Amino acid sequence: MDPAKVRPSSAYNTPYWTTNGGAPVWNNNNSMTVGPRGPILLEDYHLVEKLAQFDRERIPERVVHARGAAAKGFFEVTHDISALTAADFLRAPGVQTPVIVRFSTVVHERGSPETLRDPRGFAVKFYTREGNFDMVGNNMPVFFIRDGMKFPDMVHAFKPNPKSHIQEAWRIMDFLSHHPESCHMLTFLLDDAGIPLNYRHMPGFGVHTMKLINKAGRETYVKFHWVPKCGEKYLLDDEAVLVGGANHSHATKDLYDAIAAGDYPEWALMVQTMDPADEDKFDFDPLDVTKTWPETLFPMQPVGRMVLNRNVDNFFNENEQVAFCPAIIVPGIGYSDDKLLQTRIFSYADTQRHRLGPNYLLLPVNAPRAPYHNNHHEGFMNFMHRDEEINYFPSRFDPVRNAERVAAVSTAPLSGRREKMVIAKENNFMQAGARWRTFDAARQERFVVRVADMLADPRCTQEIRRIWVGYWSQADPQLGARIAAKLQGRGCL
Ligand code: HEM
């Protein structure tokens, strides 16, 4: 094999081993000792450097979504939506944009089994000509909570008990019993969809309402959906035990092997759109992240396709160091007032400055492929080579100027009092019950059993169980009754 292909970096252009400083290492097998048996001399700089580097190999894992797999490919526009958005990468059918995608599980550690019941992350970074656009979604179209204030508590409840380091159902059901808005998300998590067969067979959802903004400044609400070409498939609980027991990285391996074999995974990008003037016309709040938009009212419209045709060249560089952030958008796309989205706009870059360092956006996997220029420089691990004398703005010595103001940036007026409140139209149960009723009989029963299993945890109190039976009865009286009967049958109610 051509060594240049194995080691593309110029840092590897020597035929022999060197220190990080580039000095030849004449013995990479034996420590420098006094006599053949030791002790070791501290002056063996190469040994010290080798160990010091090794001692620091691990970086903090992501606080959530630590376990994941990435792949690269392209997005191609198939349908013209230029009337809705001025986004350059959506300008016309046929336009292709490079992407990197990271799939993940949410709750457990970097090396945890990929068969656990958990939402899956579906994060896409588009390297567009106008900078990067990150669509940081999940494989389920809604979320447990609608206010980011609750996110750290929610994650704590799902993560292992801080005392035992074991994930415990009673903690989850206790926390969520204060949040009836979680019922809809639970009809995905505790459904068969809670364990996808692998990453290739799962859908993706932007989840939040975002905005498309066209050249004239007209805003349209949008929800993004990724539909897998090979179809959606799940693992039932007993199948997951077998698959996970045989290989705790089955989904990473499936993705890697499929791409290596030329069986490239593909998703269609679909959108649902809504005129913001209509947002008050429904019995639910369209910006509420615990709600889907009914397809009968808001049909799916095709936009493009995404093909993953390249595996990562290095897991650490492109999976561990990749940083997705819902705040990273391009002109033609805007944030909505969804409270959960607004919290995420802060949280991702904040954690990434901690996890990867302040210059994480200079890393090749995160840097835009479009030209970029500003005076945000220096700081830890800054490897940008600047030779300008002007690092202030504005300057008569530097022609760099503000970009043209584009119309495709949201200018929708805002008004209101400062509040800390719940939204007006909570409507917590309707969509949960409607979804359960779409399941066939066997799938309904599996859902009932999984809810009962969670509530049968000996540390779930009668109060918690009764609250949940009440919630599920409001979603669907039969569903509530069946869960109650299951619990009574087990002597738990
Ligand atoms: C990862 C926060 C809700 C999808 C993360 C990370 C944080 C975070 C801190 C780790 C990022 C990193 O270390 O690079 C939050 C907060 C939320 C929230 C504060 C609510 C207020 C959501 C929702 C979704 C989502 C609703 C889905 C729509 C993801 C994904 C990743 C992630 C896919 C992994 C990205 C990757 O592969 O690197 N989140 N999250 N999160 N989050 Fe969220």
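## Cavities

A cavity is a set of points on a 1 Å grid over the protein atoms alone where a 1.4 Å probe fits but cannot get out, with lining residues having an atom within 4 Å of a point. This is a predicted model: local features need pLDDT of at least 70, side-chain atom pairs count only at pLDDT 80 or more, and totals for chains, interfaces and linings use all residues. Residues are numbered from 1 along each chain as its sequence is written, and side-chain values use heavy atoms, leaving out hydrogens and water.

The second largest cavity holds about 40 Å³ of space, a volume being the space filled by probe spheres set on the grid points. Its lining consists of Pro141, Phe205, Gly206, Val207, Lys223, Phe224, His225 and Thr292, and strand β7 (residues 219-228) gives the most, three residues.

The largest cavity has about 100 Å³. Among its lining residues are Phe133, Asp134, His208, Leu341 and Arg344, and β4 provides the largest share, with four residues.

## Cores

A nonpolar core joins buried (under 20% relative accessible area, 1.4 Å probe, protein chains only) Ala, Val, Leu, Ile, Met, Phe, Trp, Tyr and Cys residues through side-chain atoms within 4.5 Å. The largest has 51 residues, and Phe144, Leu455, Trp468, Trp472 and Ile483 have the most contacts inside it. This core lies between domain 2 (68-174 + 193-362) and domain 3 (439-490), because both give residues to it; the bounds come from an automatic or database domain assignment.

Phe144 touches (heavy atoms within 4.5 Å) residues including Pro119, Met154, Phe158 and Thr290.

Conventions
Buried < 20%, exposed > 50% of the residue type's maximum accessible area, 1.4 Å probe, protein only. 1 Å grid on protein atoms, 1.4 Å probe; cavity = no way out; pocket = protein on both sides within 12 Å on 5 of 7 lines; lining within 4 Å. Helix = DSSP H or I, 4+ residues; strand = E, 2+ residues; numbered from the N terminus. Lists of a residue's contacts leave out its neighbours within four places in sequence.
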